Each structure stands twice: as C-alpha cells, then as structure tokens.
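Dear colleague,

Please find the structure below, handed over for your use.

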Amino acid sequence: MNKYNKSSQERKIFFLDLDGTTLRDDKSIPEENIAAIQETLELGHCVTIATGRTWVSTEPLARRLGMRRKGCFLIACNGASVYDLEDGSILQKKQFPDEYARYLFAEAEKAGLYMQAYSETKILACQICPELEYYAWSSSMDYQIIPELYHLETYDTPKVLLLSLDNRPALERFQEEHRAWERGKCVSFFPHRSIWNIAVRTVPRRQG
C-alpha cells in the first residue's frame, strides 16, 4: 500500500477481499499484509473487509489481521450485513427473501445440484457431501444437516450458494437459465470456479 501523510491527505477508506487476495490459498495470512493494514490504520485511514463470508467465518481472520479496532469494518455475505469491527455491532442486516430462497432451492433440486443456506453460525445443508466438506474447510465454518432443506417455508438466510466441484458447466447453465428471473431481484456471480453465489440486491439499480 502507498504511504499517506496524515497532515496533508484526506482520510481514506480501503476495501480488501480475503480469499485469493489477503489470504494465501491455504488460508494463511502473509505477515506483510498484516503490517500494511496496521500501517494504514496508524495513518488514520479506515479499512473494510468486503467478502462473501459470514461474520462467524470472518471474525477470527479480522482478529489475526489486527482489525478488531476503531476504523475497521466488515461487509459480509456479499453486502447483506455490515459490521463495525471495533465492537461487533451490526450497522446493516438484510436477509434473503424466503420467496426467492424457496424458488431457487426448488430449481436446484430439479437440476440435481447442491445448494446451501446459512444460519447465524452455521452452513445449512441437506446432506454431507464433498461440496459441503470443501466449503466448510475453506470457510472454517461448522454445518447443520437439515434433510428437508430443499422444502422449507422459512430460510432466514443472508444468501444462498450453489456449488459443484466437478461440473462448472451445470452451474453456468443454471445461471443462464435464471437470468430473467434474477433481474432486479438478486445479484449472482462466480467467486470461485466451483461456486455460484446469489445474494439479494442491496443497492438499487440505476434507472436510465
């Protein structure tokens, strides 16, 4: 990061991702990244983590980065939740509409694809499978098995996630087939070759 002279520069806010950027592939943190973040904070700037991870998955990493302090924030679950990392207070929280979740789980079941949701502290899955085990490892989260997950009335989840370790074309096909439905409701993208994320739209689409 560039050095800023506090007396001559405006206060700035820096945004950083975690997986594949701040973290190594094995989820360890390079010491130089920790040092750069601390230097930025000491110069009076703010640092915000922006990630698809949940609070439970991210908070231990924020501690390791030295970010449980004033001037540090977390945008979690692809924008669904915003936290002040100094005290853990919630600045914004928006859940994925149950209507959307019911529709997507029904569509995923028809396509024969693995989809998961989230509670406050755990991954919610219908069964133990390689996809769940991979995601639990990569996010350092525990999970809860709910056999009837694809048929719930209420999900109370910040987002849903479709995952296939060996069939990326099936995920792309699912995304393409649901683009029209998604428009104006959600935002979907591939943060990883095996993962399709879909989160509620938190910023209104500009008109015109």
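Helix 3 (residues 55-64) lies across strand 2, strand 3 and strand 4, and runs at about 150° to strand 3. The model is a predicted one, in which local features need pLDDT of at least 70 and side-chain atom pairs count only at pLDDT 80 or more, while totals for chains, interfaces and linings use all residues. Residues are numbered from 1 along each chain as its sequence is written, and side-chain values use heavy atoms, with hydrogens and water left out.

Helices (H or I, at least four residues) and strands (E, at least two) are DSSP runs numbered from the N terminus. Axes are lines fitted to C-alpha atoms, for helices over the stretch in contact (heavy atoms within 4.5 Å), and angles run from 0 to 180 degrees between N-to-C directions.

The open sheet comprises 5 strands in the order 1-2-3-4-5, with mixed pairing; two strands pair if DSSP finds at least two bridges between them. Strand 1 (13-16) and strand 5 (89-93) stand at the edges with a single partner strand each, so one side of each has no neighbour in the sheet. On average, neighbouring strands of this sheet are turned by 20° against each other, direction ignored. Helix 2 (residues 31-42) also packs on the sheet, where it touches strand 1, strand 2 (46-50) and strand 3, and its direction makes about 135° with that of strand 2. Within the sheet, strand 3 (residues 72-76) and strand 4 (residues 81-84) run antiparallel and are joined by 4 bridges, with Leu74 opposite Tyr83.

Strand 6 (residues 114-118) has 5 of its 5 residues buried, that is, under 20% relative accessible area with a 1.4 Å probe and protein chains only (exposed is over 50%, partly exposed in between). Tyr114, Gln116 and Tyr118 are on one side, and Met115 and Ala117 on the other. Strand 6 pairs with strand 9 (residues 159-163) in the antiparallel sense over 3 bridges, and Tyr114 stands opposite Leu163. A hairpin through 3 residues joins strand 6 to strand 7.

Gln95 lies in the loop between strand 5 and helix 4 (98-111), and its 23% relative accessibility makes it partly exposed. Leaving aside neighbours within four places in sequence, Gln95 is in contact with Asp156, Thr157, Pro158 and Val200. The side chains of Gln95 and Asp156 are joined by a polar contact of 3.0 Å (a pair of N or O atoms within 3.5 Å; within protein, one must be able to donate a hydrogen and the other to accept it, and residues adjacent in sequence count only if both atoms are side-chain atoms).
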